[in-house]
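I opened a new structure today and kept notes as I went. Here is what I was looking at.

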Amino acid sequence: MSGRERPVRAHDLFWLVAGFSVWAGGFSALYGLHAIGCRAGWDEMDFVSLSVNRWALTGVYLAHITAGAALYLPLRAIAGRWQGESARTMRQVAVALTLAALASTIWSGAPVLVLEGCI
Amino acid sequence: MIGSLLILAMMMGLILWPFLKRHKPVDVPEALWLWSGGLAFPLIVLTALLIWGLPAGQSMLAGRTPPVATVEAEAFQWGWTFRYEGREGDTSDVLHIPAGGPVDVAVSSIDVIHAFWAPRLAGKVDAIPGQTNILRIEASEPGIYAGQCAEFCGLGHTAMRFTVIAHAPEAYEAALSAALAGDGGG
Amino acid sequence: MSRIPPITLHRALHAVWKAPRGPGALSAVNHSVVGRRFIITAFVFFAIGGLLAMLIRAQLARPENPFLGADAYNQIFTMHGTVMMFLFAIPLIEGVALYLLPKILGARDLAFPRLSAFGYWCYLFGGTIILASMLMGVAPDSGWFMYTPLSSSTYTPGVNADVWLLGVTFVEISAICAAVEIVVTILKVRTAGMSLTRMPLMAWYLLVTAGMMLLAFPPLILGSVLLELERAFDWPFFDPERGGASLLWQHLFWLFGHPEVYIIFLPAAGAVTTLIPVFARTKIVGYGWIVAAIISLAFLSFGLWVHHMFTVGIPHLALAFFSAASMLVAVPTAIQVFAWTATLMRGRPQMSLPMLYLMGFFSVFILGGLTGVMLALVPFNWQAHDTHFVVAHLHYVLIGGFVFPMLAATSYWLPLMTGRMPVFSVSRSAFWLIFLGFHGTFLIMHFTGLLGMPRRVFTYEGGLGWDAPNLISSIGSFVMAAGFALFVVDIVLQLRFGRRFRRNPWGGTGLDWAMPAPAPSYNFASLPLVTSRDPLEDNPRLGADIAAGKGYLAGAPRAEMETLCVDMVSGEPDHVLLLPKNDYTPFLMAGGLAVFFVLFLFSAYAFSLVGVVIAAVFGWRWLWSLGARTDPEPLDAGHGLVLPVHYAARSAPTILGLKYFLAANAAFFGSLIFGYLFLWTTAPDWPPPDILDIDLLRLATLAAGLAGAGVLARLARRANDKGDARWRMLALAGSALASLLTLAGLGALALLNAPSPVSHAYGAITMAVIGYAGLHVLLGVLFTAYALARHLFGYVSAVRSADMRGAEIWQAYTAITALAGLALIVLMPGAFG
């Protein structure tokens, strides 16, 4: 892709776990925020026709989807420069994991959009 | 259940097929195989299950419609004390409810963790010291229903059974009064 | 390189590598010996756990059976679960990994042979403590997941629960050691040319598994420590009457417990992935897909823990996250299954013995997976939870997903250990007995559960429809036991009468079959250059070439135990790892810990510290034996390759090992922080009126001390890099002094300012955070003092910098976590008080 090709280095292994780290962060944040919101009574408070809890959770959900999607651009640029024997497989695996993590973030947080409340 | 058996049969067929005598190595296309079998197939099945399962779970919860009665179930090692909203006294190991409508059971414990489970009336919920969990149960017909502690709670766990008696709605108040007037039994 | 007769090479190598005999066996550290010990001990515990299962099935065979009482039954089912999970499954995985890894990676030993020997002794001693309690009739009896408050001292006043908490924690030390060992070995200790993407998939599976172990075991260890603190010193973390929450235990336990299922499954799946292409005479389909699938699986499995807690009254929306994630794990599992079926389709599979066990695996595991999807549905779970349906499901998953593949792996790799082939007719009968007995026991148990029979009841009334299915299950279990007995008979027959073979009886393509069988003590007479994923296919004569010394590091010309360390990704040789000789230190250090655990069990808390001191002394001696007092010359590895020795190499395994240990430690710390926040948000009566009272000046002094110790250790390392011995010493001494002063400050904080740890869970968890910081600062004092001593005795130079870098990393970790902990306990009362 670009002229500055280089071998895959140890720190590139970061890309194997980056996507799912965002997933894990989003998952923990949703679970924790929901518990705190229920404790603080946010589901009883309304703000523009939805509960504060719903707003907060939806916000966190979308933020993590954005973060997961945003990983993809630098990954493309960096993985595009990888060369050498491991480059092809490593690139495939890193891209697949980043996209799979994004899909998982969307999937496992989706109940935020459908279900309501603290019961 | 039947769906599961079909999936099992299909998978075992796929796995055992290559062992047949007349099997010739097939150059299966890797991408097609893994995209369809590994990704698309489970995702379709799971989405269907989740779309069915989440609302079904929601509808089993208390809160949507007001209950026809509210009772308290307090677990201890090893038995149950039942109290009734607006009534003095309690009953031991026998719970009286009106049939034909949802009843909210506020489940708690005074010692270790137990679980309230009357299999024919609802799912189960844990009785946890320091917190109260609400379970919605419903008996469509009057009758006697068996219940038991479903979370291991020590030596007396096996014998920690209880009975739920569902009365016809018009007879409920009288039956409850009679039970509460008794010596705490049912 | 001149050609040397293989037998000469063998004699030279064996003289250096051979395992000690007699009492010297206690000093053995070689991976084949330690791995074999792990495997054999695990199978002994499997037999014990199996006997306990027979007692359970005998008791449940008919209603109102007077055979066992409730007390004995509770101990037996608790021990069955505990033995099978902690003393069989996990150690067996560790043993298989430790035995196989160097052989499939083309190495002569693991990165830290003494660490795995230490892990073995911890496992053996911890397991013995647990087993001894059963013989004395005081075995754990609160169920293998030990829910509080049933396991608290109020409801289990005897020593039973302490045995579980201390024994299992002792065994878990070995799991953490093995995990560090496995990760570092896979990343660094491979043969030349074996890049990450040329590694056998088994190594990927074990790498991911070990990574999961590093993050999953710490929550359990933390839970055990907190519960033991509550039982021994009355710190009420889990007591709702004093601001604790019994659910905290469940969260910590399942935060470990669910990933644990995948920790057990992944290595077994790795064996499946290894065996299928061999017996289908083809290559695995979808290498990259499988790597991506197992990494996804590892992460997703941490998002499932609450699905064991669907009935504890967590809001439905929160359950929905976990329900969705539980279903999602089916996807990477399906990818692996379809990669396996595609491989079978491409090849000409044969129904040889290991393949037969794999067919058992497929049929059992797929059914277990399907019932798992059912249980992930919240409404179904509310009905089936804690019934025999769940018991049936988990045995399908664990026996299907673990035991069958492990039996396949055993029949596949046992010839490598014994040099003989299995005796066929006996092996097949054993398989069919196990397979039919298994289904006879557990298939019908699904229905017993759906008929409403709860788990963990020691007896039941007749006439509920449970009699016949229970009797069938009991008969099935005895058939299965007969099958396992026959499996053992088969192994004995194989050792005695099995046909001998020369090399590679199954036609494998990995390096594990490029050695003669039984595998020699040094594995490879020389280390081959690998250029693909199937080195034996590229060069069928590879085994002979290796034995003839045609690879790197041929023989033992320096009478040292040498193996290659490579660049993590590319597999380019990086340096030579000189391995330790046999050593009693691991045994003695584990012995010190055993003294601690046993005395603690007998409530001799002050005396138990003697054990810690013994362990610390041997730990110091262990560290001291590393490195050298002069800068080493580079070594000739053959074929024109000249490489530095590991203690003069920047990317040596030691520092990497420390980093992975700290990753596990960070997971422990994160769990502690989770515990603090969990109690704060969910426990009743939080916060109490009596809260932590600290003035800003004191806080600023503590923070300055922590940060100063970290910065000074860094300055010392940088001075050492420049060869400045004076500043190296001064900065190190400054770091040690700063740590010492901080320790005193933390002590004063704990004694003077912190609320009582006994009156309320707030005080207890606050004290736990201070204690964590204090312990790390204390170890920081020891680490810097150690580095100073090494400096004084001439072990440190700009080239030999491991001691300096170790101290730097420890002090930095301590500063970060202790500052974070202090910030939490100071800010939370201020912000939410």
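**Confidence.** I reminded myself that this is a predicted model. I looked up the overall scores and got ipTM 0.95 and pTM 0.95.

**Chain A.** I went through the secondary structure and found five helices and four strands in chain A. Going along the sequence, I wrote the order down as β-α-β-β-α-α-β-α-α. Is chain A spread out or a compact globule? I got a radius of gyration of 18 Å for chain A, while the globule rule gives 14 Å for 119 residues, so chain A is more spread out than a compact globule. Its C-alpha trace spans about 60 × 20 × 20 Å along the principal axes. I also checked burial: 36% of the 119 residues of chain A count as buried. Then I took the contacts in chain A between residues at least 6 apart in sequence, and 77% of them join residues at least 24 apart.

**Chain B.** I noted two domains here, domain 1 (2–59) and domain 2 (69–181). Their centres, taken over C-alpha atoms, are 42 Å apart.

**Where B meets C.** How many residues does each chain bring to the contact? I found 55 from chain B and 58 from chain C. On the chain B side, α1 (2–16), α2 (30–59) and β7 (124–127) each supply at least two residues. The biggest giver on that side is α2(B), with 17 residues. I sorted the chain B side by type as well, and it came out as 35 nonpolar, 14 polar and six charged.

Key
Residues are numbered from 1 along each chain as its sequence is written. Chains are lettered from A and ligands numbered from 1 in the order in which they are written. This is a predicted model: local features need pLDDT of at least 70, side-chain atom pairs count only at pLDDT 80 or more; totals for chains, interfaces and linings use all residues. Two residues are in contact if their C-beta atoms, placed from the backbone, lie within 7 Å. Ala, Val, Leu, Ile, Met, Phe, Trp, Tyr, Cys and Pro count as nonpolar, Asp, Glu, Lys and Arg as charged, and the others, Gly among them, as polar. Domain bounds come from an automatic or database domain assignment. The radius of gyration is taken over C-alpha atoms; the globule rule is 2.2 Å times the number of residues to the power 0.38. A residue is buried if 20 or more other C-beta atoms lie within 10 Å of its own, exposed if 12 or fewer, and partly exposed in between; C-beta atoms are placed from the backbone.
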